[in-house]
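Q: I'd like to learn how to read cavities and cores in a protein model. Could you walk me through one?

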Amino acid sequence: MADPRGFMNYDRELPSRRRVPVRLSDWREVYEDFPEDRLRRQAARCMDCGIPFCNNGCPLGNLIPDWNDLVYRGQWRSAIERLHATNNFPEFTGRLCPAPCEAACVLGIHEPPVTIKQVEVEIIDRAWAEGWIEPQIAAARSGRSVAVVGSGPAGLAAAQQLTRAGHDVVVFERADRIGGLLRYGIPEFKMEKRHLDRRLEQMRAEGTEFRAGVDVGSDVTADELRAGFDAVVLACGATAWRDLPIPGRDLRGVHQAMEYLPLANRVQQGDLDVSPISAAGRNVVIIGGGDTGADCLGTAHRQKAASIRQFEIMPRPPDERAASDPWPTWPTIYRVSSAHEEGGERDYAINTVEFVDDGAGNLAGLSTVRVEQTFKDGRMSFDPVPGTEEQVPAELCLLAMGFVGPERGRLIEQFGVDLDARGNVARDDDWAAGTAGVYVCGDMGRGQSLIVWAIAEGRACAASVDAHLTGSTALPAVVAPNSAPLK
């Protein structure tokens, strides 16, 4: 363990965020550098808890107490080896994961938990800076080939694991650049794309081939992939967004978050001078209070919106764990992201019933009503509160209400895979999709979830594919689908 008294001697501390006026003038990540001595004190707070629930809180099974202790002792090279043993991309999770490991930290029962996520990102950033991240070339080639469809975190994790096992891996991505939502869904201020690009360069050096701008099901068919490869991994995500079919939905100015965010990212990539969907000078309403809504909020701030309100139909969460969210489960509590800190108004228990036309087909505002959450026969509903109707001015409304599963279309039809009761692609405990040689991992089979689940599923799926192709596998299989028992 680290310092036996560290959790008593040191308080939880995170790096400072850059001042709001400064960070709103650019698109760089929001955090200041964190001095090494202060980070090592944070690692020292990891206590000898006996049973590290943080390991189970993390879907990747990260060996958190191990690398906390190594950081405390200044053994950074060993720390990155332990971190990479379970996580292909800690530079992604260390920036984007909501850290269920911290919610499961034993210290968090009665004090602020260990800053696990910050220690993680400092380890990987130090490793890149020191030049310790090098291509891991397979000792021998298997002669087998795998097509991975989708280049988000699940697809990339599966591809890297299979390449390192000696297979010839080709990743297909329908967008013009590799990365999936990491590339076009995550704003630059949450993760600068240089972190993604240098990891992709490592994967290319290891032998993974990337083919961007290829729409599987259209540019290349499922039959062609199955004929050309020994196995196919589908990792296309849950990109079918939840809509709001109310009067006025077709007005100009009402957009899905995933129509809005990619364009802002393309400006940062140099593809566009100005986004065609911009919040500049507009009154903006964001419907949806989750991470995607916060991404829209931070983006609209940087585009210099006139005003921003963020709506959530659920009631405001409590500041502390409720009795229904006992440790070590993930608690639903009130959180303030960097985007919320930058401004805007958050509204809870509010429902939009109509988009208002300005008379020329453009959005002029929203008709809303306050709601009360009720339960009847175990079913939740939201009842309007009479007398709370309101007209909210807005020229731009962004729908950030989550996703309902994978997109229906030619890819699913051509591969002949089945959907489960939740609308996701069905798979068995070996990640097989019921069609010979076809496997599914990540949000496409799990439904909208966390980046750590995507990477964990990609790694475990790769182990099953490797065993299918060679008869056995040395790749780790940390999780089973849908939270089944660990393998």
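Q: What volume does the second largest cavity have?

A: Rolling a probe the size of a water molecule over the atoms shows where empty space is left. Here a cavity is a set of points, on a 1 Å grid over the protein atoms alone, where a 1.4 Å probe fits but cannot get out. Points are joined across faces, edges and corners, and the volume is the space filled by probe spheres set on them. For the second largest cavity that gives about 80 Å³. Keep in mind that this is a predicted model: local features need pLDDT of at least 70 and side-chain atom pairs pLDDT 80 or more, while totals for chains, interfaces and linings use all residues. Residues are numbered from 1 along each chain as its sequence is written, and side-chain values use heavy atoms, with hydrogens and water left out.

Q: Which residues lie nearest the centre of that second cavity?

A: Lining residues have an atom within 4 Å of a point. The second largest cavity has 13 of them, and Asn 62, Cys 97, Cys 101, Glu 120 and Val 452 lie nearest its centre. Helix α9 (116-130) provides the largest share, three residues. Helices here are DSSP runs (H or I, at least four residues), numbered from the N terminus.

Q: How many nonpolar, polar and charged residues are in the lining of the largest cavity?

A: Ala, Val, Leu, Ile, Met, Phe, Trp, Tyr, Cys and Pro count as nonpolar, Asp, Glu, Lys and Arg as charged, and the others, Gly among them, as polar. The largest cavity, with about 100 Å³ of space, is lined by eleven nonpolar, one polar and no charged residues. Among them are Cys 46, Phe 53, Asn 68 and Val 114. Helix α5 gives the most, three residues. The second largest cavity, by contrast, has nine nonpolar, two polar and two charged lining residues.

Q: And the core: which residues touch the most other members?

A: In soluble globular proteins, nonpolar side chains tend to be buried together. A nonpolar core is a set of buried (under 20% relative accessible area, 1.4 Å probe, protein chains only) Ala, Val, Leu, Ile, Met, Phe, Trp, Tyr and Cys residues joined through side-chain atoms within 4.5 Å. The largest one here has 70 residues, and Ile 123, Val 146, Leu 156, Val 233 and Val 465 touch the most other members. Helix α19 (residues 451-470) contributes eleven residues, the largest share of this core. Apart from it lies another core of 21 residues, including Ala 147 and Phe 415.

Conventions: 1 Å grid on protein atoms, 1.4 Å probe; cavity = no way out; pocket = protein on both sides within 12 Å on 5 of 7 lines; lining within 4 Å. Helix = DSSP H or I, 4+ residues; strand = E, 2+ residues; numbered from the N terminus. Buried < 20%, exposed > 50% of the residue type's maximum accessible area, 1.4 Å probe, protein only.
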